[in-house]
Amino acid sequence: MTKIRNRFALSLALSGLVLLPACGDAGSDVETDGATHSNGSQTMAATLGAASDLSTVNQAFVSSDLMGVFDGVGSYTLLAPRDEAFEALGEAGEQLMTEEQRPLLVGLLRDHMLPGYLRPEDILSAIESQGGEVTVTTMGGGDVVFSSEGDTLTVTRDDGTSATFVGNAEAATNGVIIPIDGVLAPQ
C-alpha cells in the first residue's frame, strides 16, 4: 500500500513536469565515438562526481542519500540526465532538490537506475537480437523500453516520456553511467 501511495504521490507531485528537451543540440558539445569509455578503478560515485555535464544529477544523488549505492559492490546502470535536461524542467526541477521533496526525488532517481552492467553497445545488441524493443525494469519498479533508430538509442517510460542517449557512456568498477538528454519524469 505504501508503494502505491508513493507512486501516486510522485505522479501527482510531478504531474506538472513534462520531459522537455534541452535547448539546442544536446550532444553538440560532446565528442562521441560510439564506445563506452572505461574509468579504470573508479566507482560509479567517483565517476559521476568527476563528470562536468552531470553535476545536477550528481547533486541529486548526494542530497537524496542514494550516492552510497554507487560506492558499493553492486552493479548498476545509471541513465544520467545531463545538466541541460534538469535546467529544462525550470522551477519544478529546482523544487525537486528541496528537502521537502526528497521522497519524490528518490523515486525519480530510482527510475533512472537499472540493475546490472549495461553498456549502450549491449543494449543495442539486445535490440538487434530481439528484432525490436527491449524492456528493463528500473530500481524504482517501473519499466523502461529501449529502442534504436540506426545507432541512436532512445529510452521510453511506460507513460511515453523519453530521452536519447548522448555523449559517451562511462564504465566504472561497479556499473555504467549513460548520459541522456532528458529527465524521465512522469508526465
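Visitor: Is Pro179 buried or exposed?
Guide: A note before the answer: this is a predicted model, in which local features need pLDDT of at least 70, side-chain atom pairs count only at pLDDT 80 or more, and totals for chains, interfaces and linings use all residues. Residues are numbered from 1 along each chain as its sequence is written, and side-chain values use heavy atoms, with hydrogens and water left out. Buried means under 20% relative accessible area, exposed over 50%, and partly exposed in between, using a 1.4 Å probe and protein chains only. Because its relative accessibility is 7%, Pro179 counts as buried.

Visitor: Which strand holds Pro179?
Guide: Helices (H or I, at least four residues) and strands (E, at least two) are DSSP runs, numbered from the N terminus. The run of residues 175-180 contains Pro179, and this is strand 9.

Visitor: Which residues does Pro179 touch, not counting those up to four places away in sequence?
Guide: Contact here means heavy atoms within 4.5 Å. By that rule, Pro179 touches Ala80, Arg82, Thr164, Phe165, Val166, Asn168 and Ala169.

Visitor: Let's follow Val166. How far apart are the C-alpha atoms of Val166 and Ile180?
Guide: Val166 sits in the loop between strand 7 (162-164) and strand 8 (170-172). With 9% relative accessibility, Val166 counts as buried. Val166 and Ile180 are 14 residues apart along the chain, and their C-alpha atoms are separated by 5.3 Å.

Visitor: Which backbone nitrogen lies 2.8 Å from a polar atom of the Asn174 side chain?
Guide: Asn174 is in the loop between strand 8 and strand 9, and its relative accessible area of 4% makes it buried. Leaving aside neighbours within four places in sequence, its contacts include Thr43, Met44, Val69 and Tyr76. The backbone nitrogen at 2.8 Å from the side chain belongs to Met44.

Visitor: What is the phi of Asp65?
Guide: Asp65 is in the loop between helix 3 (55-63) and strand 2 (76-81), and at 59% relative accessibility it counts as exposed. Most residues other than glycine have a negative phi. Asp65 is not a glycine, yet its phi is positive, at about 65°.

Visitor: Which residues of helix 3 are buried?
Guide: What covers them includes helix 2 (44-50), strand 2, helix 4 (83-88), helix 6 (102-110) and strand 3 (113-115). The buried residues of helix 3 are Thr56, Val57, Asn58, Ala60 and Phe61.

Terms used: A polar contact is a pair of N or O atoms within 3.5 Å; within protein, one must be able to donate a hydrogen and the other to accept it, and residues adjacent in sequence count only if both atoms are side-chain atoms.
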